[in-house]
Amino acid sequence: MYTSFYNLTGRPFQLTPDPRFYFDSKAHKKAMAYLTYGLSQGEGFIIITGDIGAGKTTLVGHLLDTLDTKQYVAAKVVTTQLQADDVLRMVAAAFGIDHEGADKATLLKKIEDFLLGCMSQEKRVLLIVDEAQNLPNGALEELRMLSNFQVDENALLQCFLLGQPQFRDRLARDPDLEQVRQRVIATYFLGPLSDAGETANYIKHRLQRVGWNDDPTFAEETFEKIYSYTSGVPRMLNTLCSRLLLFGYLEESHEISGKTVDDVIADLERDNELVTRPSRSPVVKVAPSSGTVERYDHIAERVEVLEKYVKAHERTISRALEIAEAWLSVGEQSKAE
């Protein structure tokens, strides 16, 4: 929708992690230094933690994009509440190793043979485990055992563990994870963007990746408002900025102003309130003096939100009809000629 209106070649603020949009913020630059150091050690665990939406997956994706595929074999596992044997099966599947019907001993042997085969080709093997906070201790222990596979002094596998802040706390305090702790080569906590200036650079960077040519323009005060609302968290920034572009398209505006940001934030807040508010019957109160019935179920507020959405859809449909009519007109002219 808004991509064609603003002559963009793609969606600049999609929520799916994409290394193409990697932004080298102060925090990400430090994190890359830790990752590069850990990678140079060639063994053990490299741990990156951060709040939801901080950009951990994009960071590691960017690192992997810089690696020579002739020298590295990498696979990724996104965990839920996996048990120890499940983790081994997920690792095998991620590397394309046949695991159907295999017991634990057979799985370990197949994984080891795969790692030895990669080493014979002078390739290093990297395993990325996302959402590591979901792994029980037994599953982490299995990963530690995999990291122990080695030939002479050369480790056959190196692991990146990506997780939320509670994973870092658990790893530091749980006595049952002492052996895992001893295998950690590098660790870093990835924080949000530092200020409104860095937020402005982030937004412009992503827009430029899809051919932005100052359309729409952003008023200077918008970046402080955006940073204040999102606290510099990349995923929240993407959500807000995507809505800003959609709002601008629906309003047929080529400028994102401070008022635009305020209006969109207000819409987001109303959306969240309507989604999270528990369903209930309207509250009715009878005033003791007059018997007047007052309803406190925010009907007026809901109607206002619905009216906005109806108005937005009417504009979208109207523009679509205009485009269709133009196409039909061109077609009729071609036939006449």
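The following is a conversation about a predicted model of one protein chain.

Biologist: What does the chain contain in the way of helices and strands?

Modeller: The chain has 13 helices and eleven strands. Its accessible surface comes to about 18,500 Å², and carbon and sulfur atoms hold 52% of that. Of the 337 residues, 42% are buried.

Biologist: Why is Ile 47 called buried?

Modeller: Its relative accessibility is 2%, and buried means under 20%. The value falls under the cut-off, so Ile 47 counts as buried.

Biologist: Where is Ile 47, and which residues does Ile 47 touch?

Modeller: Ile 47 sits in strand β1. Leaving aside residues up to four places away in sequence, Ile 47 touches Leu 161, Phe 167, Leu 171, Val 184, Ala 186, Thr 187 and Tyr 188. For Thr 187, the separation from Ile 47 is 140 residues in sequence, while the C-alpha atoms are 4.5 Å apart in space.

Biologist: How do you know what share of contacts in the chain join residues at least 24 apart?

Modeller: The count takes contacts between residues at least 6 apart in sequence, and 75% of those join residues at least 24 apart. A contact here means heavy atoms within 4.5 Å.

Biologist: Which residues of helix α3 are buried, and what do they pack against?

Modeller: Helix α3 spans residues 56-65, and its buried residues are Lys 56, Thr 58, Leu 59, Val 60, Gly 61 and Leu 63. These pack against helix α2 (26-41) and against the strands β1 (45-50), β3 (124-130), β6 (158-163) and β7 (184-190).

Biologist: Turning to helix pairs, what makes α9 and α10 roughly perpendicular or oblique?

Modeller: They pack at an angle of about 100 degrees, with axes 8 Å apart. Angles of 65 to 115 count as roughly perpendicular, and therefore α9 and α10 are roughly perpendicular to each other. On the α9 side the contact is made by Ala 196, Thr 199, Ala 200, Ile 203 and Lys 204, and on the α10 side by Phe 223, Glu 224, Ile 226 and Tyr 227. By class, that contact has six nonpolar, one polar and two charged residues.

Biologist: Why is α9 called oblique to α11?

Modeller: The axes of α9 (residues 196-208) and α11 come within 11 Å and cross at roughly 60 degrees. Roughly parallel needs under 35 degrees and roughly perpendicular needs 65 to 115, and the rest, antiparallel cases over 145 aside, are oblique. The angle of roughly 60 degrees therefore makes α9 oblique to α11.

Biologist: Which residues meet there, and what is the hand of the crossing?

Modeller: α9 passes α11 in a right-handed crossing. Thr 199, Tyr 202, Ile 203, Arg 206 and Leu 207 of α9 meet Pro 234, Leu 237, Asn 238, Cys 241 and Leu 245 of α11. By class, this contact has seven nonpolar, two polar and one charged residues.

Biologist: How do you know whether α10 and α11 are oblique or roughly antiparallel?

Modeller: The axes of α10 (residues 221-230) and α11 (residues 234-250) come within 9 Å and cross at roughly 135 degrees. Roughly antiparallel means over 145 and roughly perpendicular ends at 115, so α10 and α11 are oblique to each other. The crossing of α10 past α11 is right-handed.

Biologist: What residues make that contact, and of which classes?

Modeller: Ile 226, Tyr 229 and Thr 230 of α10 meet Met 236, Leu 237, Leu 240, Cys 241 and Leu 244 of α11. By class, the contact of α10 with α11 has seven nonpolar, one polar and no charged residues.

Definitions and conventions
Residues numbered from 1 in each chain as written. Predicted model: local features only at pLDDT ≥ 70, side-chain atom pairs only at ≥ 80, totals over all residues. Heavy atoms only, no water. Buried < 20%, exposed > 50% of the residue type's maximum accessible area, 1.4 Å probe, protein only. Helix = DSSP H or I, 4+ residues; strand = E, 2+ residues; numbered from the N terminus. Axes fitted to C-alpha atoms, helices over the stretch in contact; angles between N-to-C directions. Left-handed = near helix turned anticlockwise from the far one by under 90°. Nonpolar A, V, L, I, M, F, W, Y, C, P; charged D, E, K, R; others polar. Areas by Shrake-Rupley, 256 points an atom, 1.4 Å probe, with all protein chains shown as cover.
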